[in-house]
Amino acid sequence: MSHKHTLRSIDVRDVYQQEYFLQRVDGYDQFAQFDGTPQTLFDRARRNLELLDIHPGDYFLDLGCGRGEVAIAAGFLGAIAVGCDFSRDAIVLAQQKLRTIKRNSDREILTSFLCTVATDDVFRSNIFDKILMSEFIEHVSPDERKIILKNVKKWLKPGGKLLIYTFPNRWSRCTHPLMRWYVRWRTGIDIGARPEDTLHPDYSKLHLNEQSYLSLYVALRRAGFHQVRVWFDSPAPAGRLSIIKRSLLYNVLFGGNLTAVGIK
């Protein structure tokens, strides 16, 4: 069990505790201010909702929902939303937040939460219009990924959409020394020999399966998805180097915001 590639997410379930979701996961510093509206989501979560284009009546699943903000916001928009996570601490946080928002809002929010392992086939076929896997796929093993994508395809309605967002990616890890040199040259700041999050003692347990542009595309195609598109969904760059930063080469080397869509 000492080698990263032998680990499965269920083997390291214990690292996904309340502290992780309240102090480390993207958006933790805005969680207290989230009131159910998409406008109060942290940036990445709001962007994911925009890409999914949620409509009233959509059946929506957030797989690996964490604290539950996106599932709640989807419900606020009129979707019938389900958030799933295998961390009981995450689901408790999500349910508490949902209860608080319902007390403070006169809007019906059809969101529910389920503590389950994504490799379990817990939903019936052809039920969801849209499924989100955000900052999730890098936390499961390659074998788990195959099972989960098979499940997701089964759960989606024909024509249903899967959106995957993963950060960081494999290539941006490999090119960190080049980025370190570039930042030091441009600003005089040393960002360190290794990315900051890799220094955390639980890093090898948390990131079991970081993706690349190609691996994500191939995984979706092999799972049977159609109209597969993979891209680097980064904020629009500004400044003198914006043309370079918009290029595919720059994003392949340094882009962290790897995003993919597949249609059933």
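What follows looks at strand pairing and then at the cysteines. This is a predicted model, in which local features need pLDDT of at least 70 and side-chain atom pairs count only at pLDDT 80 or more, while totals for chains, interfaces and linings use all residues. Residues are numbered from 1 along each chain as its sequence is written, and side-chain values use heavy atoms, with hydrogens and water left out.

Start at strand β4, residues 128-134; helices (H or I, at least four residues) and strands (E, at least two) are DSSP runs numbered from the N terminus. Of the 7 residues in β4, 6 are buried, meaning under 20% relative accessible area, with exposed over 50% and partly exposed in between (1.4 Å probe, protein chains only).

Strand β1 (residues 59-63) pairs with β4 in the parallel sense over 3 bridges; strands pair if DSSP finds at least two bridges between them. Here Phe60 has Lys130 of β4 as its bridge partner. Strand β4 also runs parallel to β5 (residues 156-166), joined by 6 bridges, and Phe128 stands opposite Leu156 in β5. Between β4 and β5 the chain passes through helix α5 (residues 142-155) in a right-handed β-α-β crossover: with the strands pointing away from the viewer, the path from the first strand over the helix to the second runs clockwise.

Now for the cysteines. The structure holds 0 disulfides, a disulfide being a pair of cysteine sulfur atoms within 2.5 Å.
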